[in-house]
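I set out below, in order, what I looked up in this structure.

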Amino acid sequence: MVRIDPANILNYGAIGLGFLLAFLAYRLIAKEQKHESPRKTLLRAVYVFMLFSVTLTVMGFTSEYFE
């Protein structure tokens, strides 16, 4: 398994932070799928978290594009 170094990812600024948050959301969803019956409230919270991370990434790309 490849280890991810958050310090290197955060060097990319908002884009790296957005990617790191999306990766953490993915890990939360994968962990929740191991349960026999997934909890709806937790899945909804993870999806909101994922939407925030995608929004942050898009904002980072947009700010880099206009620089």
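Entry 1, terms and basis. I call a residue buried under 20% relative accessible area, exposed over 50%, and partly exposed in between, with a 1.4 Å probe and protein chains only. The model is predicted, so I take local features only at pLDDT of at least 70 and side-chain atom pairs only at pLDDT 80 or more, while totals for chains, interfaces and linings use all residues. Residues are numbered from 1 along each chain as its sequence is written, and side-chain values use heavy atoms, with hydrogens and water left out.

I looked up the elements, taken as DSSP runs numbered from the N terminus (helices: H or I, at least four residues; strands: E, at least two). The protein has 3 helices and 0 strands, in the order α-α-α from the N terminus. Its C-alpha trace spans about 45 × 25 × 10 Å along the principal axes.

Of the 67 residues, 21% count as buried. I define a contact as heavy atoms within 4.5 Å. Among contacts between residues at least 6 apart in sequence, 56% join residues at least 24 apart.

Thr57 is buried because its relative accessible area is 16%. Leaving aside residues up to four places away in sequence, Thr57 touches Ala14, Ile15, Gly18 and Phe19.

I count rings of Phe, Tyr and Trp (its six-membered ring) as a pair if their centres lie within 6.5 Å; planes under 30 degrees apart are stacked, over 60 edge-to-face, and the rest tilted. The structure holds 2 such pairs. The rings of Phe23 and Tyr26 have centres 6.4 Å apart and planes at 35°, so this pair is tilted. Both residues lie in helix α2 (residues 14–32), 3 residues apart, about one turn of the helix. Phe23 counts as partly exposed because its relative accessibility is 25%, and Tyr26 as exposed because its value is 53%. The rings of Tyr65 and Phe66 have centres 5.2 Å apart and planes at 75°, so that pair is edge-to-face. I recorded both Tyr65 and Phe66 as exposed.
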